[in-house]
Amino acid sequence: MTLTHVRVMLEYFHPWTNAAGLYVASRQGWYRDAGLDVELTVFDSLRGDTLEHLVRGEVHLGVFPTNRLLVRSAAGQPVTGVASINHRGMETIQSVVGRGIERPRDLAGKRLALNPTPRGVAMVRHLVAADGGDPDAVELVDSGYRELSVDDIADGVVDATFGGYWAWDALFAQLPGEQRIVWPVDEIGAPPYHSYLLGTGPALTDPGLLRTFLEVTARGYRSATDDPAGTLEVMDRVIPYFPRGILARSLELIAPTWWHGDTWGSIREELMTPYTSWLAGNGILPADFDWRQAIAADAAGVGALPR
């Protein structure tokens, strides 16, 4: 059987548990059984993020943040969301006990580290204001691409951080849990949104191939959810340098975000509409932008699969 090569680019600097379903499907041979030779890769950050690689036609599919897709679509770039990966936001605000930070409004007058993208700055300001605080009083510290941790906060580098994921970065801290403050943004006032979507660029033009890929990928995520022990064995082959305990906890936390009921992959209006409105209200998208122009018309997800 002749296999069709499909290159899929992940969303981060290295694989992590959010890609578990893709790796399980690959390891089990399910892509190959469906006639696909799937290559999973990560982006070269010196040449741009996943969407940059997609736009240039260097990969067939990619995983990326929802907001970045919408911005590129508004600019007329040929990228399209075809499935959701997560049904929750991943980011957090983190601090440590004893800094006088007990709720988001207490960040006023404090040093908060983040990568100061327009969207990141807008989110911090929104969260502080939503709690009745003064967003202008927050001292923003540019940490660039480096994610500072609660251990850095404990060392006095800053007072708080924005951006680390509750299902990943936050798990690596050495500081004891009772000394840490971790607030998932969707629990403190952020609009609902899909953290990551899967999408295509100009290199993928065969709708039948895409449909097959999504069906097999949904099977992979179902298995990754239902068989965590087997999934961890697969992840050991991909990222063996991370402690097994952290991988297990991350998988436990993130697996529920892959599903809306029993459906994998659905891109939901109730998450897309408020997030798009929020981005437009903060000047990140044009006021008249319709998110549907960035999403495949049939991106309703893959239905319930046998357990």
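User: Hi! How do the residues lining the largest pocket divide into nonpolar, polar and charged?

Analyst: Hi there! This is a predicted model, and in it the lining of the largest pocket splits into 17 nonpolar, 13 polar and ten charged residues.

User: Which residues lie nearest the centre of that pocket?

Analyst: Those are Arg-68, Asn-115, Thr-117, Tyr-145 and Glu-147, out of 40 lining residues.

User: And which elements give two or more residues to the lining?

Analyst: There are both helices and strands on that list: α3 (50-55), β3 (61-65), α4 (66-74), α5 (118-130) and β8 (160-165). The largest share comes from α4, with five residues.

User: Nice. About how much space lies in the largest pocket?

Analyst: About 1200 Å³.

User: Let's look at α3, then. Is Thr-50 buried or exposed?

Analyst: Thr-50, which lies in helix α3, counts as buried because its relative accessibility is 2%, and the cut-off for buried is under 20%.

User: What does the side chain of Thr-50 reach?

Analyst: The Thr-50 side chain reaches the backbone oxygen of Leu-10 at 2.5 Å. Leaving aside residues up to four places away in sequence, Thr-50 touches Met-9, Leu-10, Glu-11, Phe-43, Gly-62 and Val-63.

User: Switching to Arg-47: where does it lie?

Analyst: Arg-47 is in the loop between β2 (36-41) and α3.

User: How exposed is Arg-47 there?

Analyst: Arg-47 is partly exposed, because its relative accessible area of 39% falls between the 20% and 50% cut-offs.

User: Which side chain does the Arg-47 side chain make a polar contact with?

Analyst: That partner is Glu-58, at 2.7 Å, side chain to side chain. If you skip residues up to four places away in sequence, Arg-47 touches Glu-52, His-53, Arg-56 and Glu-58.

User: How far is the C-alpha of Arg-47 from that of Thr-276?

Analyst: Those two C-alpha atoms are separated by 27 Å, with the residues 229 apart along the chain.

User: Now the whole chain. How many helices and strands does it have?

Analyst: Ten helices and twelve strands.

User: How does the radius of gyration of the chain compare with that of a compact globule?

Analyst: They agree: the chain has 19 Å, and a compact globule with 307 residues would be near 19 Å. The C-alpha atoms fill a box of roughly 65 × 45 × 40 Å along the principal axes.

Terms used: Residues numbered from 1 in each chain as written. Predicted model: local features only at pLDDT ≥ 70, side-chain atom pairs only at ≥ 80, totals over all residues. Heavy atoms only, no water. 1 Å grid on protein atoms, 1.4 Å probe; cavity = no way out; pocket = protein on both sides within 12 Å on 5 of 7 lines; lining within 4 Å. Points joined across faces, edges and corners; volume = space filled by probe spheres on them. Helix = DSSP H or I, 4+ residues; strand = E, 2+ residues; numbered from the N terminus. Nonpolar A, V, L, I, M, F, W, Y, C, P; charged D, E, K, R; others polar. Buried < 20%, exposed > 50% of the residue type's maximum accessible area, 1.4 Å probe, protein only. Contact = heavy atoms within 4.5 Å. Polar contact = N/O pair within 3.5 Å; in protein donor to acceptor, adjacent residues only side chain to side chain. Rg over C-alpha atoms; globule rule 2.2 N^0.38 Å.
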